[in-house]
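Biologist: I have a new model to go through. Can you walk me through it?
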Amino acid sequence: MSSSSSLLASTLAQQRIEVIGLAVVICGVIFELLRRKRLKERYAILWLVTGLTLLVLALWKGLLTKFSHAAGIHYLPSALFAVAFVFVLAMLVHASLTISRLSDQTTTLAQRLALLQQRIEESSSAPVEVPAEVESATQRQPVPVA
């Protein structure tokens, strides 16, 4: 019986070390993306809070134990993954809200541009040539994924 409990304890310790490493890597990657200006600060906040929360829960075993018992989770690493899942879900909802807002803004911008082009054409007797930059901006182009 003692060998199985020591095996369980060593497995839990190993998993804590892995979660600590994962949290440090998440925070490091986010800081590097911020430094290179590939990620805006407002989006990085959620990621940093996620990484720091996982780090605190992995380091402070008593807090994780209290949280897991309150949530009815008996296996501590599962509680960590449940917390991470909640944060990822929050990030997905935030991203969906941002995409929806940007889609609405793009539609509004395209409509305003079309109205401006119509007014210009109506105010002059000859049709106005639209600059190539404006014409290409109104065409649908694939968004490059970096």
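Biologist: Is Arg 35 buried or exposed?
Modeller: Arg 35 counts as exposed, because its relative accessibility is 57%. Buried means under 20% relative accessible area, exposed over 50%, and partly exposed in between (1.4 Å probe, protein chains only).
Biologist: Before I go on, what should I know about the source?
Modeller: This is a predicted model: local features need pLDDT of at least 70, side-chain atom pairs count only at pLDDT 80 or more, and totals for chains, interfaces and linings use all residues. Residues are numbered from 1 along each chain as its sequence is written, and side-chain values use heavy atoms, with hydrogens and water left out.
Biologist: What is the mean pLDDT of the protein?
Modeller: The mean is 84, and 85% of the residues reach 70 or more. pLDDT is the predictor's confidence in each residue, from 0 to 100.
Biologist: Where is confidence lowest?
Modeller: In helix α5, residues 132-138, at a mean of 66. Helix α4, residues 76-123, has the highest, at 91. Helices here are DSSP runs (H or I, at least four residues), numbered from the N terminus. Where pLDDT is low, the predicted coordinates should not be read in detail.
Biologist: Back to Arg 35. Which residue does Arg 35 form a salt bridge with?
Modeller: Glu 32, with the closest N and O atoms 2.6 Å apart. A salt bridge is a side-chain nitrogen of Lys or Arg within 4 Å of a carboxyl oxygen of Asp or Glu. Both residues lie in helix α1 (residues 2-35), three residues apart, about one turn of the helix.
Biologist: How many salt bridges does the structure hold?
Modeller: Two. In the other, Glu 32 meets Arg 36 at 2.7 Å, N to O. Shared partners join Glu 32, Arg 35 and Arg 36 into one network.
Biologist: Why is Glu 32 called partly exposed?
Modeller: Because its relative accessible area is 28%. Arg 36 has 56% relative accessibility, so Arg 36 counts as exposed.
Biologist: New topic. What lines the second largest pocket?
Modeller: The lining includes Tyr 43, Trp 47, Met 91 and His 94. Helix α4 gives the largest share, six residues. Helices α2 (41-59) and α4 each supply at least two. A pocket is an open set of points on a 1 Å grid over the protein atoms alone, where a 1.4 Å probe fits, with protein on both sides within 12 Å along at least five of seven lines; lining residues have an atom within 4 Å of a point.
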